[in-house]
Structure formats: C-alpha cells, structure tokens
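Here is a short briefing on how side chains pack in one protein chain. Look at the structure first, then read the points below.

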Amino acid sequence: LRAIGLNSLHLVSSGLLAQLIRALYLILLARLLGPEFYGLFAYGQSWYSAFLPIAGLGLAIIIGLDIGRDRSRAAEVLALTLTLRLVAGLLVALISGGLGWWLNDDPQVRLLLLLFSLALAGRSLALWAEQVFTGFESAHLALRQNALFRPLELLLGLALLLAGGGLLAVVILHALLWCAQGVWGLRMVAKRCAPIGLSWDRAALVGVLARSLPVCVSTVLVTWLLQGPIVLSKPIIGDSEAIGQMAVTLQLLVLSASFPVAVGLASLPAISRSAQRQDGKDLLFARVMFRAAFAVGGALGFLAWGLAPALVVLVLGESYREAGELLRWALWLMIPMILGNASLRVLEGRGHYLASSLAAMAGAVVLTASLPDLVAALGAQGAPVSY
C-alpha cells in the first residue's frame with residue numbers, strides 16, 4: 001500500500017497537473033475558436049487518439065510488470081519495448097495520416113489530420129518514457145515532464161491565438177511540442193532510469209509482442225470507447241458546431257476520469273507483485289476502487305445534474321449551453337468507468353489478458369453498433385446514451 005501510495009501520488013499529481021492545464025487550455029480554445037473550429041480541433045484529436053494505443057502495442061503493461069518484478073532486466077526490457085514503440089509509432093502515424101486524407105474531402109480537415117498524425121509519433125515516444133518512469137516507480141519524473149511541456153503549450157497556444165493565429169497554428173504547435181517531449185523523455189530515461197538502446201533480437205521481440213498484443217487489443221477498445229463517439233458522429237452529423245458541443249461534454253468526462261485511471265496505472269507494479277505472492281492485496285485494491293466508484297461517481301452525478309448547465313455557460317459562454325445539458329447525463333458514466341478501469345488493472349496484474357480484452361470488446365461493440373442510430377435519431381444527445 002505504501003508503494004502504491006507513493007507512486008500514485010506522483011503519477012496522479014502529474015496527471016492532475018496535465019489535465020488541469022489541458023482543461024484550462026481547452027476552455028480557452030473553445031472560447032477563442034468557437035464551437036465550429038473547436039469541433040474540428042476535437043475531431044482531429046479524437047482521430048489520432050484512437051490510433052495512439054495501436055502504436056503503444058500494449059507495452060505499458062509489459063514495462064510495468066517486467067520492471068516491477070525484476071529490476072535487473074530493465075535494460076533488456078527497455079531496448080525491446082523502445083524498438084517496438086519506434087517502429088509502431090512511425091507506421092501507425094503514416095496509417096493515421098493516410099486514412100485521414102483518403103476518408104475526408106475537405107482540404108482543411110486533411111491537413112489537420114496529417115499534422116495530428118505527426119503529433120501521434122511524438123506522443124507515442126513521450127508516453128513510452130512516462131510508462132518507464134511508472135515501471136521504475138519514479139513517477140515524479142513524469143510529473144516533471146508534464147510540468148514543463150503542458151504549461152508551455154498553454155502559454156504558446158494562447159500567445160498564438162491572441163496574435164491572430166488560428167486553428168492551424170495551434171495544431172502545428174501541438175505536434176511540435178509532442179515531438180519535443182518525446183525526445184526529452186528519451187533523455188530522461190537514459191539519465192535517471194537505465195541505459196537505452198535498440199534490440200533486433202527477433203525471438204525476443206516476438207515474445208514481447210505475443211504477451212503485449214492481447215493488452216493492446218484491450219487498450220485500443222477502451223480508447224475507442226473514449227474517442228469513438230466523436231469520430232463516428234462527425235460523418236453522421238456533419239455539423240462541426242454540434243461536434244464541438246459533444247466534444248466539450250466528452251472531454252470533460254475524460255478529464256474527470258483521469259484521476260482514477262492514473263491511480264490504476266501507478267498501482268500496476270505493486271498489483272503484479274501482489275499477484276505473484278498471492279497475498280490478496282490486489283483484491284484489496286479492487287474493493288477500495290469499487291467503493292470509490294459509487295462514492296465519487298454518484299457525488300459528481302448529483303452535482304452535475306443541478307449545476308452543469310450553469311457552470312458550462314459561465315465558463316465557456318452561452319454558445320455552449322447544449323454541452324452543459326449533455327454533461328448532466330454524461331458524468332454519471334464515471335461510475336462504470338472507475339469500475340471498469342480497476343477491474344482491468346487487476347486482471348492485467350494477474351495475467352488474464354484475454355478476459356480484459358473480451359470485456360473491452362463488449363463495450364466497443366455496443367458503442368459502435370448503437371451510436372450511429374442513436375445520433376441519427378437524437379443528435380448529439382445520442383452519444384452519451386450509447387456511451
């Protein structure tokens with residue numbers, strides 16, 4: 001519990017700092033760009049975020065488990081996972097940009113998706129470094145990383161917008177900063193954790209992939225639950241302003257869920273050791289998180305029901321009133337999100353990757369099958385229902 005608490009404190013602080021700054025940045029973007037252009041920005045972010053876990057290959061779990069169990073294998077684990085991450089990041093970025101170009105006729109949307117695909121490559125590398133920090137139970141390094149780059153994006157992005165720059169300038173900044181953070185993360189891993197290099201040992205790489213791909217499937221499906229509503233709704237609704245309303249709602253929901261997600265990821269090394277010892281402390285973690293789901297999710301749901309519309313209008317302006325109405329319903333989803341995240345971490349800590357993948361698949365199938373009809377019938381309100 002002490003190991004979980006300390007690592008969680010740093011990782012949650014890192015995540016909380018990043019999410020608070022991101023929330024402030026999104027508020028400024030929403031106000032300064034307006035619902036239409038903010039809808040395009042949110043669509044591009046959701047597009048590349050849906051591809052991001054494919055580039056991750058499920059390696060976060062492998063890094064956390066293997067380094068948590070045997071620190072002496074750290075250099076080997078880092079070399080194998082970095083090689084896979086670099087290759088996958090570049091390939092998936094090309095696929096993301098190519099599909100975005102092929103599926104969209106609007107030249108502006110095509111260019112935006114190409115730039116967001118560049119951000120995907122850099123962000124994939126930055127996330128690998130953060131996952132290594134977590135695996136070494138040195139999440140304070142992730143805090144330092146986010147304390148540098150997220151405020152920088154906020155300040156530079158605001159300066160660009162106030163100087164007359166528009167959506168394109170903000171997206172270019174986003175892509176460049178994620179690439180810079182990826183390079184910075186590599187340097188910090190080599191300096192503070194273990195030497196880094198590349199490994200082309202085919203048998204070892206295949207062995208890591210065989211373990212990580214089921215986790216990758218699960219992660220892709222869980223991410224699809226978060227990003228799929230916007231990606232699927234864009235061609236159905238067509239109206240970028242309506243997409244902006246939906247995006248604000250769902251992004252506020254994801255921001256709210258970031259705290260329990262960070263706790264789950266920070267707990268993984270300790271959960272894996274508990275699973276090895278079979279001392280039942282991983283189940284203690286699950287019980288605590290299950291109680292927290294109903295306490296936190298219920299409290300947020302009741303507060304949102306009474307206050308969300310007025311608060312959203314106060315913060316974002318009258319043009320986002322519809323987003324406030326959607327948020328009244330959406331924040332109740334915190335309860336199943338926390339339950340699902342805690343369950344997946346325990347299953348992964350015990351090596352039950354197939355079970356976690358099947359659970360995520362059930363949610364993704366229901367979302368994908370129900371959302372088109374619900375959005376066509378209810379408009380933006382259909383997204384939280386299918387969610």
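**Aromatic rings and nonpolar cores**

Ring pairs join Phe41, Tyr48 and Phe116 into a cluster; rings of Phe, Tyr and Trp (its six-membered ring) pair if their centres lie within 6.5 Å, and planes under 30 degrees apart count as stacked, over 60 as edge-to-face and the rest as tilted. This is a predicted model, in which local features need pLDDT of at least 70, side-chain atom pairs count only at pLDDT 80 or more, and totals for chains, interfaces and linings use all residues. Residues are numbered from 1 along each chain as its sequence is written, and side-chain values use heavy atoms, with hydrogens and water left out.

**Aromatic pairs**

- A search of the whole structure finds five aromatic pairs.
- One of them is Phe41 with Phe116, an edge-to-face pair with 5.7 Å centre to centre and 65° between the planes.
- This pair links distant parts of the chain, 75 residues apart: Phe41 lies in helix α1 and Phe116 in helix α4 (residues 107–135). Helices are DSSP runs (H or I, at least four residues), numbered from the N terminus.
- Phe41 counts as buried because its relative accessibility is 1%; buried means under 20% relative accessible area, exposed over 50%, partly exposed in between (1.4 Å probe, protein chains only).
- Phe116 is also buried, at 0%.
- Phe149 and Trp184 form an edge-to-face pair as well, 6.1 Å centre to centre with 70° between the planes.
- Here the link runs from Phe149 in helix α5 (residues 140–162) to Trp184 in helix α6 (residues 167–192), 35 residues apart.

**Nonpolar cores**

- The largest nonpolar core has 89 residues, and Leu29, Tyr38 and Phe41 touch the most other members. Such a core is a set of buried Ala, Val, Leu, Ile, Met, Phe, Trp, Tyr and Cys residues joined through side-chain atoms within 4.5 Å.
- Helix α1 (residues 2–56) gives the most to this core, with 16 residues.
- Leaving aside residues up to four places away in sequence, Leu29 touches Gly34, Tyr38, Phe41, Leu161 and Val170; contact means heavy atoms within 4.5 Å.
- A second, separate core has eight residues, including Leu57, Leu80, Ala88 and Leu205.

**A glycine in helix α7**

- Gly228 is found in helix α7 (residues 202–237).
- Gly228 counts as buried because its relative accessibility is 0%.
- Beyond residues up to four places away in sequence, Gly228 touches Thr223 and Leu367.
- From C-alpha to C-alpha, Gly228 and Ala383 are 9.5 Å apart in space, although 155 residues apart in sequence.

Notes. Helices (H or I, at least four residues) and strands (E, at least two) are DSSP runs, numbered from the N terminus.
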